[in-house]
Amino acid sequence: MTLSSFGAPFLPEIVLLAAVLLIFLLDVLKVRRIELTGGIAVAATLFALGLIVADLGFAPLAFLSSIPSSQIDQLPAVGAAPLYAFTSLGLVFQAIFLLAAFFVCLASTSRPSDERGSPIFYGLLLLATIGMLLVAIASDLIFLLLAIEVTSIASYLLVAYTRKDVRGLEAAMKFFVIGALSTVLSFFGASLLFGAYGTTNLYLIREAGAAVGYPILVLLGYGFLIAGLAFKVTLVPFHAWAVDVYDGAPDDVSAFLAGGTKKIGVFAFFLVFLGPVLVVGTVGQSGYGLFGGSVALGPSFQIALGAIAVLTMTVGNVLALLQKEMKRMLAYSSISQAGYMLIGIAIGSAPALGGATLQVFAHVLMKTGAFLVVGAVAALGVGPLIEDWRGLGLRRPLLGTSFALMLLSLAGVPLTIGFVSKFVLFSAAVQAQGWFIWLAVAGLLNSALSVFYYARVLKVMFFDAPPVPSSPATTGVMGAAGPPVLPVGGLGYGRAATIAVIAAIIVAFGIYPQPVLGAIQAAAYHFVTVGA
Amino acid sequence: MLPLLSIILATLLVGTVGTFLSGTKARWVALATSAVFLAEVGLLFMSYPGWPGYSGSLVPGFSDTETYTWISLAWMHVNYSVGVDGISLIFILLTAILQIATVVYSWGETQRPAGYFGLVLLTCLGCFGVFVALDILLFFLFWEAVLVPMFFLIGYWGGPNRRYAAIKFFVYTHVASIVMLVGLLALVFYSGATSFDFTAVYAAAHGMAPVVQTFLFLALFFGFAVKFPIVPFHTWLPDAHVEAPTGGSVLLAGLLLKLGGYGLIRWAVEVLPNGFHSAQPLLFVIAFLTIIWGSVLSLAQRDIKRMVAYSSINHMGIVLLAIALDSSLGLLAAVLLMFAHGVVSALLFMASGSVHHQYGTRDIASLGGITPSAPGLATMIMAGSLASLGLPALIGFPAEFTAFLATWDALGYWVLIPLAVLVVTAGFYLWMMQRMLFGLPKGVPEHAHDIPWYEGAGMGLLVALTILFGILPSLLVNVIVNSPIKGWPGT
């Protein structure tokens, strides 16, 4: 007996929506204890995660499976125009999104329990997550863009939810204006596609392209779509907002934005360009979505996306090298990591798709974790500059070691998941042969470059002496020499546990990636060759 | 059968971690680890055909192999796959010898000893891994793992110009690694192997088009050759060797340079025969250039350590020449040469390190007549120099003789070039000895005394081996020729 016999394919979304309503209801009733609202959010995301993992075929949780396996990875009937479709790759992305939401929710339970904003924070975060889940099952352009809007609107509000912080307000304003622009571009692109093909269904659009060809209207439409989505994924030259927003937003929100929400754009790219083509004959391993199916669209767009990927990696890395503030450095590194993901999209083969998905998974762990550590360190009273972190690794060994693991993983050092994801991605680039091999070279050179700024943080944290108070007067009557001692504890169990778990996963899957990698690759194969 | 290679890896790993954690007692942990490592390598030898005590049947190819699935996807299979043949065994022996010699020689290290000995062990762990890995990813992981500890050894314990040298070393070798990695990945996917395993790649690569093979060979060659180093990518070497602490120089010259030669033989020459053939003329040109350039530059040096460093370039040029001959005798010579150079250059770097400790300078011209006050040190310098110039009954002779024989077989009178260079080098070594060791004392302090016992012990071990294998090179040759290389009895 599984849940699927009750016929509730949207159960994860329903669970989250129920949690949102409950949290807002309790808010109205003036029940705002963070243990309660946070607990609801944690439980809801964990339960939804369990549902998704069960749907992916994880045997021990099979009883939770809510989607009949006969509905997963199926092509629609010829002529049908479904709004949504369940693909195993979409489910993988849902799981990744829920994981990010779960980590942020769990870590945030460690804030002061009298904070009035907590219901707003958790409610908005779960709302944004619902939008992300919907993105992962979209099969219609309008459905997709509306789902992105759900996430976007919730995240604009999240950036400003504290309402007191001027920097947060400014960031939210910038985020909103840029986000609105990106939405306009996307919808304009969609309308051009509709004008050319008379449909907004992604299957039918791809089918029409394979059958009819690609008039200039369509190329323009795809161009605008790429621009609109590029804002979401922070691709150069559409990246400038991201640093200010991640920098100005509350730390936990930055963790969710950089780790979670920007990945919806990656999956939107998958959906628009790489899904299966309905027409028999263009389906199969040789035909990867639009790139494999068409001579007209494939190479030119692939070269454009490849160029953007190299540009994004390089600009992100070079600017990260120049930063003095920890959060801004992480924001630029986040931009460069988006470039790695785009390599997979530009290649478009099933191995590359799998590599990009693994990179998304790895980045969720690394970047969410890193921003959560930043929040924890800020709570300890350490300043925003990288210099301020001097000696932190020795004063807080576990926190420092966890952060070091996250940075090493971002740099792609072996035995971390960040290495595995880059290795698979670059292998896929070489495996695709042709000019893609240069994407691997560019990616490898960028990884080498990125080592420098991550290593600099490690040096500051582990080799430099802790800061000494600037003048004796500030140390008060005690006048004790030596480094100031950080407050004991202060992290809270939720945040400490989250950081430790993330660090453990990074190493565990770095050493033995087969379980997650096997599942992702299988899903990627289904995604591009479904029904073949 | 006992998974001996994994046990050795585990030994080194535990020993390295233990060394890092054991503070001022680090040298004892390092010594114990090295001793166990050496004993285990002895066991490894006894179970390999060609070793005097071996009683089993002659099974050519890789022995002590272990394979466990690591990553398995539809398009990519990566294994934890290790194994040894005669060639890798020789390099493993070299690793074990140099590790224990370095640890003993550095016994007096007082500056953060835990870090120093830990990094020495980590470097040797990486080299050992490179020599046993039979999977491309595993090979690359160990290859990179060597880089990091050496970077810190140079950057923290090195001489006055250490930061520049460390970064130059890192950038040169890392860029080369990246080219090599792309070449290795292309080797897998262009040959259609899908498996990263050596045997699978080996089998699949022979079917590739000659043009593709040539490009792949050049990519791999570049990656390996920067480690060699070849002219014109050699400039990292003098800086790194001279600035590194003595232990670091020993490992650099003794082991790290050999990674390039070993990689070239294992992963490029045998795997891509057609690519190798079309690149052969280029290899000859580079080899001759490297031989001549290395020796000319070593002539011009006043600093004894710098002189030894440049003579390393010269020797590795002969190794490249021997490999490029594409004969089984040439390959044998290359392996012998690398072993000999590993021992002898380690000895010479230790000796020049001792000169620096004793007299505060390494300038040949400002020193003289050190023999009366430091007979031990003088003996070591002399033994190393004589071995390096190829005196019979020392290890350099059989190696160089084989190399010149193979060159004569393949190229005829071209052999006169390396021979002439050898004469020049020999002359310079003799002149250096004459000025530094003999004559009236110059630059020697009033109460000068001989080197400390541990430095003498470290060098003495190497001198003993130089003599042993110089008289009995068959101990090595019989093992090497059981490797799965065409033209050898083992195949």
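Reader: In this structure, does B:A393 count as buried, exposed or partly exposed, and how many C-beta neighbours lie inside 10 Å?

Author: The model is a predicted one. A residue is buried with 20 or more other C-beta atoms within 10 Å of its own, exposed with 12 or fewer, and partly exposed in between. B:A393 has 13 such neighbours inside 10 Å and therefore counts as partly exposed.

Reader: Where in chain B is B:A393 placed, and what is its phi?

Author: Most residues other than glycine have a negative phi. The phi of B:A393, which is not a glycine, is positive, near 75 degrees. As for its place, B:A393 is in the loop between helix 14 (375–388) and helix 15 (396–411) of chain B.

Reader: What is the phi of A:Q433, and is that residue buried or exposed?

Author: A:Q433 also has a positive phi although it is not glycine, and the value is near 60 degrees. Its loop runs between helix 18 and helix 19 of chain A. A:Q433 counts as exposed because it has 12 C-beta neighbours inside 10 Å.

Reader: Which peptide bond leads from B:F228 to B:P229, cis or trans?

Author: As a general idea, most peptide bonds are trans. The bond from B:F228 to B:P229 is cis, with omega near -5 degrees. B:P229 belongs to the loop between helix 8 (210–227) and helix 9 (236–243) of chain B. The loop between helix 8 and helix 9 of chain B also holds B:P232, and the peptide bond that joins B:V231 to B:P232 is cis, with omega about 10 degrees.

Reader: At what angle do the axes of helix 13 and helix 17 of chain B cross?

Author: The general idea is that angles over 145 degrees count as roughly antiparallel. The axes of helix 13 (residues 328–359) and helix 17 (residues 453–471) of chain B cross at roughly 155 degrees and come within 10 Å. The two helices of chain B, helix 13 and helix 17, are therefore roughly antiparallel to each other. Their crossing is left-handed.

Reader: Which residues of helix 13 and helix 17 of chain B meet?

Author: On the side of helix 13 of chain B, the residues include B:V343, B:L347 and B:M350, while those of helix 17 of chain B include B:E455, B:M459 and B:L462. By class, this contact of helix 13 with helix 17 of chain B has 10 nonpolar, three polar and one charged residues.

Reader: How many residues does each chain bring to the contact between chain A and chain B?

Author: Chain A gives 19 residues and chain B gives 16 residues. On the side of chain A that touches chain B, helix 18 (417–431), helix 19 (436–462) and helix 21 (514–529) of chain A each supply at least two residues. Helix 19 of chain A has the largest share of that side, six residues. The side of chain A that touches chain B has 13 nonpolar residues, six polar residues and no charged residues.

Reader: What is the secondary structure of chain A, and how many of its residues are buried, as a percentage?

Author: Chain A has 21 helices and zero strands. Of its 532 residues, 59% are buried. One buried residue is A:S118, which counts as such because 25 C-beta neighbours lie inside 10 Å. A:S118 is found in helix 4 (residues 118–135) of chain A.

Reader: Which residues does A:S118 touch, leaving out residues up to four places away in sequence?

Author: A:S118 touches A:R32, A:I34, A:T37 and A:G38, with residues up to four places away in sequence not counted. For chain A, among contacts between residues at least 6 apart in sequence, 78% join residues at least 24 apart.

Key. Residues numbered from 1 in each chain as written. Chains lettered and ligands numbered in written order. Predicted model: local features only at pLDDT ≥ 70, side-chain atom pairs only at ≥ 80, totals over all residues. Helix = DSSP H or I, 4+ residues; strand = E, 2+ residues; numbered from the N terminus. Contact = placed C-beta atoms within 7 Å. Nonpolar A, V, L, I, M, F, W, Y, C, P; charged D, E, K, R; others polar. Axes fitted to C-alpha atoms, helices over the stretch in contact; angles between N-to-C directions. Parallel < 35°, antiparallel > 145°, perpendicular 65-115°, else oblique. Left-handed = near helix turned anticlockwise from the far one by under 90°.
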